[in-house]
Amino acid sequence: MKYTIIFLSLVLMSACKETSQEVDVAQDNQVTQQETTQAEPVKKKPLSPHTSAMAMIGDAHIHFDYSSPGVRNRIVFGGLLPYDVVWQAGAHQATWMETNKDLSIAGKELKAGKYGFFVIPNEKEWTLIFNSNWEQHGKDEYDEKEDVLRFKITPKTAEAIQEHLEYKVTKTSDSSGIIALSWEKINIEFPFEVK
């Protein structure tokens with residue numbers, strides 16, 4: 001009987017020790033998984049990355065700042081963006097343009113400064129707008145009374161899709177250049193001169 005009690009005691013102690021080791025291993029694995037999760041955060045690529053386009057034309061520095069939305073298999077103009085409605089010409093914050101020199105655009109003067117850039121898309125012609133309120137979310141605070149320059153332009157249709165909205169400022173001479181916008185299958189561009 002004495003040997004039986006000793007044998008059972010040994011078996012019970014051994015079982016307790018194994019259970020304790022299993023718990024320790026499980027806890028170690030859980031800590032390791034938590035450390036791995038915390039050490040490697042998953043970064044999502046933004047759907048509308050913030051970017052800019054700029055160029056030096058003589059002494060003039062022309063700078064566009066915007067967020068670049070993607071087409072993502074959507075009909076953009078006349079769909080996602082209805083015709084004949086003001087659009088902030090980008091995503092999130094209103095697109096803005098800054099120039100340190102006076103410019104001539106469409107035969108009109110744009111004084112040196114910083115401007116919100118808006119457009120009104122249409123199938124046949126677009127209205128392009130430089131507005132004195134450059135710092136606003138989307139078009140939430142857009143007010144036509146704050147427009148400093150408006151003109152119309154005919155859009156061009158491209159064969160290939162431009163996935164992300166893109167602006168370009170291209171130098172054509174020491175005192176002139178072209179500003180271009182392309183997205184989906186639409187391209188617009190207009191010349192300017194440094195005064």
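Modeller: Let us begin with Q88, which lies in the loop that runs between strand 2 (60-67) and strand 3 (96-99). Please keep in mind throughout that this is a predicted model. Although Q88 belongs to a loop, its relative accessible area is 12%, and Q88 therefore counts as buried, the limit for that word being under 20%. If we leave aside residues up to four places away in sequence, Q88 touches Q93, A94, T95, F117, F118, G138 and K139.

K124 sits in the loop between strand 6 (113-120) and strand 7 (126-131), and with a relative accessible area of 69% K124 is exposed, whereas Q88 is buried. Again leaving out residues up to four places away in sequence, K124 touches T154 and P155. The C-alpha atom of K124 is also separated by 8.8 Å from that of I153, a residue that stands 29 positions away along the chain.

An open sheet is formed by four strands, which follow the order 5-4-10-9 and pair in the antiparallel sense. Its edges are strand 5 (108-110) and strand 9 (156-173), each of which pairs on one side only, and from one strand to the next the twist averages 35°. Ten bridges join strand 9 to strand 10 (residues 176-194) in their antiparallel pairing, and S173 has S176 in strand 10 as its bridge partner.

In general, side chains of opposite charge can pair when their charged atoms come close. The structure holds six salt bridges, and one of them links D174 with K171, where the closest N and O atoms are 3.2 Å apart. Of these two partners, D174 is exposed at 59% relative accessibility, while K171 is partly exposed at 43%. Salt bridges that share partners also join D102, E109, K111 and K195 into one network. Within that group, K111 forms a salt bridge with E109, their closest N and O atoms being 3.5 Å apart, and the side chain of K111 also meets that of D102 in a salt bridge of 3.8 Å, from N to O. K111 is partly exposed, with a relative accessible area of 46%; E109 is partly exposed as well, at 38%, and D102, at 25%, likewise counts as partly exposed.

The protein chain has 195 residues, of which 36% are buried, and Q88, where we started, is a buried residue. Among the contacts with a separation of 6 or more, 54% are between residues 24 or more positions apart. The accessible surface of the protein chain comes to about 12,300 Å², and carbon and sulfur atoms account for 53% of this area.

Methods:
Residues are numbered from 1 along each chain as its sequence is written. This is a predicted model: local features need pLDDT of at least 70, side-chain atom pairs count only at pLDDT 80 or more; totals for chains, interfaces and linings use all residues. Side-chain values use heavy atoms; hydrogens and water are left out. A salt bridge is a side-chain nitrogen of Lys or Arg within 4 Å of a carboxyl oxygen of Asp or Glu. Buried means under 20% relative accessible area, exposed over 50%, partly exposed in between (1.4 Å probe, protein chains only). Two strands pair if DSSP finds at least two bridges between them. Helices (H or I, at least four residues) and strands (E, at least two) are DSSP runs, numbered from the N terminus. Axes are lines fitted to C-alpha atoms, for helices over the stretch in contact, and angles run from 0 to 180 degrees between N-to-C directions. Contact means heavy atoms within 4.5 Å. Accessible areas come from the Shrake-Rupley method with a 1.4 Å probe; for residues, only the protein chains shown count as cover.
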